[in-house]
Amino acid sequence: MTEPKKLKVATCSLAGCFGCHMSLLDIDEKLFELVKVVEFDRSPITDIKHCGPCDIGIVEGGVCNAENVHVLKEFRRNCRILVAMGACAITGGIPAWRNNVDLWDCFQEVYSYGIGLENGQIPNDPELPLPFDKVHPINEVVRIDYFLPGCPPPADAIWKFLTDLAAGREPKLDYDMLHYD
Amino acid sequence: MTKTFTLDGKVIPFEEGETIMEAAAAAGVYIPHLCHHPEFKPHGSCKLCTVNIGGRLGAACTNRAAEDMAVESETEALNADRRALTQMLFVEGNHVCPSCEKSGNCQLQAVAYHLGMLTPHFTHFYPARDVDASHPDVLLERNRCILCELCVRASRDVDGKNVFGIGGRGIKARLIVNSASGRLADTNLSVTDRAAEVCPTGAIIRKRHGFTVPIGKRLYDHHDIAEVPVAGMERPKRD
């Protein structure tokens, strides 16, 4: 008997803190069960730089620069199901606090006036992605199929969500697993 | 004979003059709401408590109960409307739950949990709103204000101080402070005032009391708002 085909999963972190990815790793020993049914494509876990066709794409973080848009669109093109994971992907989150601060003021505060800085200068390498004046939730850029809230979503919520999706069920979170913080 | 009406088929007794919301609360039935508070005059602005009253939609907090009326509340359509209203409240302000002191004890958040809101869905406004930290004991964080006017009613009707008001119209409506400078520090608001603790969100909060209750032990961490009487608004159970 041949083994059932594994689901291909890609993950990425845009304007996020990687906290959601840490929470994904926090499913601990269930990771062994997870890798029996899924195979990771592009992800910080595999260090693969571009994703091929996938069953599920999981995106952490909002959109704060041009590169985020390219990555997000690559995910949308390649993933059958695209999931917004965590507060930043869903609402912009903490990075969106800068939406009412002028971008140049923001840069100066961080790179010129920051405490302990000497000869601070604002990064200006052409390889750096173009920052946007506002941070946006990812559903304002591409169509999103599912939202998994939390800051981060609890490991159990991620596990429940992924196993529901893998089993072809509509993901459903219990009250205890639904949190915005 | 006690007069009754039905709410989702359940027989609810009421006293003459009671609203649908009051009678439902007394019978232990939850109707989602944000601007309603049993201690204050109905406001009817958040529209979350909209119910179907014999084929017409109306706010449960402002419509009086009447003999034999048939009211529907827990329908898929009404809850979808409530969810959309809640989503609009989220995108209209800057409700950043992860960094809010009220998170876990916030009625806006709890109602959203109750309605199963997974995303605010609509395009975020990210409005520019002022924070007033001038008062020594009370913080006014307008990013989190939903214009329910509970603080306005509490300050006017209970504290007798008239500290708060709503200025502007439509999307420009905002919570304003009744002092020449417009600053909270220049009013006679006291931290013990009803207006200082009635806010359902984190818009008016006591300073130096943030994050004192750990995650997991907060009001709505494990209990749906339908099961939790809000502090100070325990439902007046009828004998």
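How many residues does the contact take from chain A and from chain B? In this predicted model, the contact takes 22 residues from chain A and 17 residues from chain B. On the side of chain A that touches chain B, helix α4 (residues 87–91) of chain A gives the most, with three residues, and by class this side has 12 nonpolar, six polar and four charged residues.

**Chain A overall**

- The secondary structure of chain A comes to six helices and seven strands, and along the sequence these follow the pattern β-α-α-β-β-β-α-β-α-α-β-β-α.
- Taken along the principal axes, the box filled by the C-alpha atoms of chain A is roughly 65 × 35 × 30 Å, and of the 181 residues in chain A, 39% are buried.
- If one takes the contacts in chain A between residues at least 6 apart in sequence, 78% of them join residues at least 24 apart.

**Helix α6 of chain A**

- Helix α6 (residues 155–166) of chain A has 12 residues, which at 1.5 Å a residue should span 16 Å, and this agrees with its end C-alpha atoms, which are 16 Å apart.
- The buried residues of α6(A) are A:A157, A:I158, A:W159, A:F161, A:L162 and A:L165.
- An α-helix has 3.6 residues a turn, so residues three or four places apart point the same way.
- The elements against which the buried residues of α6(A) pack are α1 (19–25), α2 (30–37), β3 (54–60), β5 (79–85) and β7 (146–148) of chain A.
- After α6(A) comes A:G168, with a positive phi near 80°.

**Domains of chain B**

- The domain assignment divides chain B into domain 1 (3–74) and domain 2 (81–206), and the C-alpha centres of these two domains of chain B lie 25 Å apart.
- The contact between them takes 12 residues from domain 1 of chain B and 17 residues from domain 2 of chain B; by class, the side of domain 1 that touches domain 2 has six nonpolar, four polar and two charged residues.

- In helix α4 (residues 150–158) of chain B, the buried residues are B:L150, B:C151, B:V152, B:R153, B:A154 and B:S155, and they pack against β8 (164–167) and β10 (204–206) of chain B.
- Just after α4(B), a positive phi of about 65° is taken by B:G160.
- Strands β8(B) and β9(B) run antiparallel and are joined by four bridges, with B:V177 in β9(B) as the bridge partner of B:F164.
- The hairpin of β8(B) and β9(B) has six residues between the strands, and in this hairpin B:G168 takes a positive phi near 80°.
- Strand β9 (residues 174–177) of chain B has B:L175 and B:V177 on its covered face, whereas B:R174 and B:I176 form the uncovered one.

**The largest nonpolar core**

- The largest nonpolar core has 103 residues, and those that touch the most other members are A:V59, A:F75, A:A84, B:A24, B:A60 and B:C151.
- The largest share of this core comes from α6(A), with six residues, while domain 1 (3–74) and domain 2 (81–206) of chain B each supply at least three residues.
- Leaving aside residues up to four places away in sequence, A:A84 touches A:V59, A:A89, A:I90, A:I138, A:N139, A:I144, A:F147 and A:L148.

Notes: Residues numbered from 1 in each chain as written. Chains lettered and ligands numbered in written order. Predicted model: local features only at pLDDT ≥ 70, side-chain atom pairs only at ≥ 80, totals over all residues. Contact = placed C-beta atoms within 7 Å. Helix = DSSP H or I, 4+ residues; strand = E, 2+ residues; numbered from the N terminus. Nonpolar A, V, L, I, M, F, W, Y, C, P; charged D, E, K, R; others polar. Buried ≥ 20, exposed ≤ 12 C-beta atoms within 10 Å, placed from the backbone. Expected span 1.5 Å × (residues − 1). Domains from an automatic or database assignment. Pairing = 2+ DSSP bridges. Core = buried A, V, L, I, M, F, W, Y, C linked by C-beta atoms within 7 Å.
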